[in-house]
Amino acid sequence: MKIFADRLREAREEAGESRKDLGDILGVGISQISEMENDRKGTTLERLALICRHYNVSADYMLGLSDRRETL
């Protein structure tokens, strides 16, 4: 999903984090973060939940179902 890839990169960069930083949080390597941000690989529901909590965004936003970033 291209929108997930774009929003993941955007959230990470806005937070001033490196791919390594996010990989450490998710328990994956830099290459997997790169593949996710370049729309070559998805992620698990557990990791999606971690991403949403970490960046304080809704899953609907990350998946492109809503343009509202905030969680309710």
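Visitor: Why is Ile3 called partly exposed?

Guide: In this predicted model, the relative accessible area of Ile3 is 33%. Buried means under 20% and exposed means over 50%, with partly exposed in between. The value of 33% lies in between, so Ile3 is called partly exposed.

Visitor: Where is Ile3 found, and what does Ile3 touch?

Guide: Ile3 is found in helix α1. Leaving out residues up to four places away in sequence, Ile3 touches Met62, Leu63 and Gly64. A contact here means heavy atoms within 4.5 Å.

Visitor: How far apart are Ile3 and Gly64 in sequence and in space?

Guide: They are 61 residues apart in sequence, and their C-alpha atoms are 5.9 Å apart in space.

Visitor: What share of the contacts in the chain join residues at least 24 apart?

Guide: Taking contacts between residues at least 6 apart in sequence, 47% join residues at least 24 apart.

Visitor: How do you know what span is expected of helix α1?

Guide: Helix α1 covers residues 2–14, which is 13 residues. The expected span is 1.5 Å times one less than the number of residues. That gives 18 Å for α1, and the helix reaches 18 Å from its first C-alpha to its last, close to the expected value.

Visitor: Which residues of α1 are buried, and what do they pack against?

Guide: The buried residues of α1 are Phe4, Ala5, Arg7, Leu8, Ala11 and Arg12. They pack against α2 (19–26), α3 (30–37), α4 (45–55) and α5 (59–62). In general, an α-helix has 3.6 residues a turn, so residues three or four places apart point the same way.

Visitor: Which residues of α3 are buried, and what covers them?

Guide: In α3 the buried residues are Gln32, Ile33, Ser34, Met36 and Glu37. Their cover includes α1, α2 and α4.

Visitor: What is the phi of Asp39, and where is Asp39 placed?

Guide: Phi of Asp39 is near 60°, which is positive in a residue other than glycine. Asp39 sits in the loop between α3 and α4.

Visitor: Why is Asp39 called partly exposed?

Guide: The relative accessible area of Asp39 is 34%.

Visitor: What makes Asn56 exposed?

Guide: Exposed means over 50%. Asn56 has a relative accessible area of 54%, so Asn56 is exposed. The place of Asn56 is the loop between α4 and α5, and its phi is also positive, near 55°, in a residue other than glycine.

Visitor: Which residue just after α1 takes a positive phi?

Guide: Gly16 does, with a phi of about 70°.

Visitor: How many helices and strands does the protein chain have?

Guide: The protein chain has 5 helices and 0 strands. Along the sequence the pattern reads α-α-α-α-α.

Visitor: How do you know whether the radius of gyration agrees with that of a compact globule?

Guide: For 72 residues, a compact globule would have a radius of gyration near 11 Å. The protein chain has 11 Å, so the value agrees. Along the principal axes, the C-alpha atoms fill a box of roughly 30 × 20 × 20 Å.

Visitor: What share of the residues count as buried?

Guide: Of the 72 residues, 33% count as buried. The accessible surface comes to about 4300 Å², and 49% of that belongs to carbon and sulfur atoms.

Terms used
Residues numbered from 1 in each chain as written. Predicted model: local features only at pLDDT ≥ 70, side-chain atom pairs only at ≥ 80, totals over all residues. Heavy atoms only, no water. Helix = DSSP H or I, 4+ residues; strand = E, 2+ residues; numbered from the N terminus. Rg over C-alpha atoms; globule rule 2.2 N^0.38 Å. Buried < 20%, exposed > 50% of the residue type's maximum accessible area, 1.4 Å probe, protein only. Areas by Shrake-Rupley, 256 points an atom, 1.4 Å probe, with all protein chains shown as cover.
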